[in-house]
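Let's take a friendly look inside this model together. We will go through a cavity, a helix pair and an aromatic pair.

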Amino acid sequence: GPEADRHGRQRREMPARARAWRGLRDQSDHCFAIRSAQPQVLAAAERQQEADWRRFLLARSAELRPGARLVSLTAARHPGRTGWAWVGDTMWSTLVAMAQAALISPEELQRITIPTVPLLLSQIEQPFADGAFAGLQLLRAEIMDAPDPYWPVYQASGDAAQLGRSLAGMCRGFAGPTMLAALDPGHDREVLLDDYFDRLASALAATAQRHEHYIAIIVLTKTE
């Protein structure tokens with residue numbers, strides 16, 4: 001049926017997307033491609049994210065009935081302000097420290113690529129430059145400061161260790177499986193991952209600040 005067809009399409013698309021993101025692993029200066037200082041890495045990451053955005057729109061269009069609306073929240077950025085500077089850079093410096101201590105290999109360090117690139121408003125709007133895209137019309141797109149739910153708790157308690165643990169737990173939620181897959185099977189990978197996120201929590205606690213990041217609110221409607 002349609003549901004099985006949709007999941008089949010997604011399974012076929014995933015290996016190609018994974019290969020494309022693995023192609024970004026030639027960066028050696030960050031685990032987040034968008035935080036790299038290498039122009040070729042940034043360009044490749046942006047091309048892939050723009051393609052992924054179109055794939056997302058095509059998939060949602062296939063699921064929606066005419067007249068339906070979709071509200072989407074996604075990671076976003078402003079020109080020159082990507083967000084994730086403190087948390088993202090601390091994630092990378094913690095990985096580098098573990099490589100320097102020979103806890104992970106240089107090859108593992110290079111393989112750990114977090115495949116997320118926050119979207120610019122212009123990238124969100126681009127598929128709709130000539131009107132509807134895949135039968136979808138863009139009703140609204142806005143980028144705003146994203147909340148840091150852990151910061152008010154820290155301000156009230158002063159508990160930097162808890163702030164670090166909370167942020168590290170959030171990072172493990174989105175990055176843990178990717179990092180686990182990049183580690184050599186000869187390791188006790190779960191133990192190594194526990195060690196990494198404990199170190200990350202301590203590093204974040206030592207430099208406690210509000211996590212700056214941005215989200216896009218996108219409203220779409222199916223026109224046909």
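## The largest cavity

The largest cavity has a volume of about 50 Å³. Here a cavity is a set of points, on a 1 Å grid over the protein atoms alone, where a 1.4 Å probe fits but cannot get out, and lining residues have an atom within 4 Å of a point. The volume is the space filled by probe spheres set on the points, which are joined across faces, edges and corners.

This is a predicted model, in which local features need pLDDT of at least 70 and side-chain atom pairs count only at pLDDT 80 or more, while totals for chains, interfaces and linings use all residues. Residues are numbered from 1 along each chain as its sequence is written, and side-chain values use heavy atoms, with hydrogens and water left out.

Which residues line the largest cavity? They are Leu95, Met98, Ile104, Ile112, Met179, Leu183, Leu192, Leu193 and Tyr196. Helix 8 gives the most to this lining, with three residues.

## Helix 7 against helix 8

The axes of helix 7 (residues 160–182) and helix 8 come within 8 Å and cross at roughly 145°; axes are lines fitted to C-alpha atoms over the stretch in contact, with angles running from 0 to 180 degrees between N-to-C directions. Helices are DSSP runs (H or I, at least four residues), as strands are (E, at least two), numbered from the N terminus.

The contact (heavy atoms within 4.5 Å) includes Met179 of helix 7, and Leu193 and Tyr196 of helix 8. Those three residues also belong to the lining of the largest cavity.

## An aromatic pair

Seven aromatic pairs are present, with ring centres of Phe, Tyr and Trp (its six-membered ring) within 6.5 Å; planes under 30 degrees apart count as stacked, over 60 as edge-to-face and the rest as tilted. The rings of Trp84 and Phe174 have centres 5.5 Å apart and planes at 85°, so this pair is edge-to-face. Trp84 lies in the loop between strand 1 (69–76) and helix 3, and Phe174 in helix 7, 90 residues apart.

Conventions: On a 1 Å grid over the protein atoms alone, a cavity is a set of points where a 1.4 Å probe fits but cannot get out, and a pocket is an open set with protein on both sides within 12 Å along at least five of seven lines; lining residues have an atom within 4 Å of a point.
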